[in-house]
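Have a look at the structure first, then follow the points below topic by topic.

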Amino acid sequence: MSQSNAVRVDSVQPAGWRALCSRRDLVANSGVVAWLDGEQVALFHLLETEAGEQVFAIANKDPKSGANVIGRGIVGQLKGDLVIASPLYKQHFRLQDGTCLEYPEQRLQVWPVRLNGDAVEIAAA
């Protein structure tokens, strides 16, 4: 993870929507990584999906290798699902719910995320 695409949010706020970064911090059809209360979150900004423009927030830590690399994965579509392919072992995780298509016992945490004007907001406890 390079310094240029990392954003840190460590302030404690009440549950609800929190600003995580700016829309200009996102890279279209690719991933960037942000810090949320000491945890790495991979953000994927997809411009042209069936549902229109979407942002997904998913854990950056690959459960098989333990490395924080999901944000560097390749976005694609398999079996009708939007997925991210882990750059190490190439397993595919559904962006919608974090389930792994090849290994159902593997799962990544996901967070609700939205664009609110120029802000990227995440729902965090």
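Setting aside residues up to four places away in sequence, serine 22 touches Asp118 and Val120. This is a predicted model, so please read each point below as a description of that prediction.

- Serine 22 sits in strand 2.
- Is serine 22 buried or exposed? Serine 22 has a relative accessible area of 11%, and because the cut-off for buried is under 20%, serine 22 counts as buried.
- One of the two contacts of serine 22 is also polar: the side chains of serine 22 and aspartate 118 are joined by a polar contact of 3.0 Å.

- Strand 10 and strand 11 are paired in the antiparallel sense over four bridges.
- Which residue is the bridge partner of arginine 114 in strand 11? The partner is glutamate 121.

**The largest nonpolar core**

- The largest nonpolar core has 27 residues, and among these Leu43 and Ile58 touch the most other members.
- Two or more residues of this core come from each of strand 2 (16-22), strand 3 (31-36), strand 4 (39-49), strand 5 (52-59) and strand 11 (119-124).
- What does leucine 43 contact beyond its neighbours within four places in sequence? The contacts of leucine 43 are Leu20, Cys21, Leu26, Ser30, Gly31, Val32, Ala34, Phe56, Ala57 and Val113.

**Cysteines**

- How many disulfides does the structure hold? The number of disulfides is zero.
- Cysteine 21, which is among the contacts of leucine 43, is buried at 11% relative accessibility.
- Cysteine 100 is buried too, with a relative accessibility of 4%.

- Strand 4 is mostly covered, as eight of its eleven residues are buried.
- Strand 4 pairs with strand 3 in the antiparallel sense over six bridges.
- Within that pairing, valine 32 stands opposite leucine 43 in strand 4, and Val32 is also on the contact list of leucine 43.
- Strand 4 also pairs with strand 5, again in the antiparallel sense, over seven bridges.
- Leucine 46 has glutamine 54 of strand 5 standing opposite.
- Two residues link strand 4 to strand 5 in a hairpin.

**Residues with a positive phi**

- As background, a negative phi is found in most residues other than glycine.
- Aspartate 37 has a positive phi near 50°, and aspartate 37 lies in the loop between strand 3 and strand 4.
- Is aspartate 37 buried, partly exposed or exposed? Aspartate 37 is partly exposed, because a relative accessible area of 41% falls between the cut-offs of 20% for buried and 50% for exposed.
- Lysine 90 likewise has a positive phi, near 65°.
- Where is lysine 90? Lysine 90 is placed in the loop between strand 7 and strand 8.

**The sheet of strands 6, 7 and 8**

- Strands 7 and 8, on either side of the loop with lysine 90, are part of an open antiparallel sheet of three strands in the order 6-7-8.
- The edges are strand 6 (74-78) and strand 8 (92-94), each of which pairs on one side only.
- In this sheet the twist averages 40° from one strand to the next.
- Five bridges pair strand 6 with strand 7 (residues 81-85) in the antiparallel sense.
- Opposite leucine 78 stands aspartate 81 in strand 7.

Terms used: Residues are numbered from 1 along each chain as its sequence is written. This is a predicted model: local features need pLDDT of at least 70, side-chain atom pairs count only at pLDDT 80 or more; totals for chains, interfaces and linings use all residues. Side-chain values use heavy atoms; hydrogens and water are left out. Two strands pair if DSSP finds at least two bridges between them. Axes are lines fitted to C-alpha atoms, for helices over the stretch in contact, and angles run from 0 to 180 degrees between N-to-C directions. A nonpolar core is a set of buried Ala, Val, Leu, Ile, Met, Phe, Trp, Tyr and Cys residues joined through side-chain atoms within 4.5 Å. Buried means under 20% relative accessible area, exposed over 50%, partly exposed in between (1.4 Å probe, protein chains only). Contact means heavy atoms within 4.5 Å. A polar contact is a pair of N or O atoms within 3.5 Å; within protein, one must be able to donate a hydrogen and the other to accept it, and residues adjacent in sequence count only if both atoms are side-chain atoms. A disulfide is a pair of cysteine sulfur atoms within 2.5 Å.
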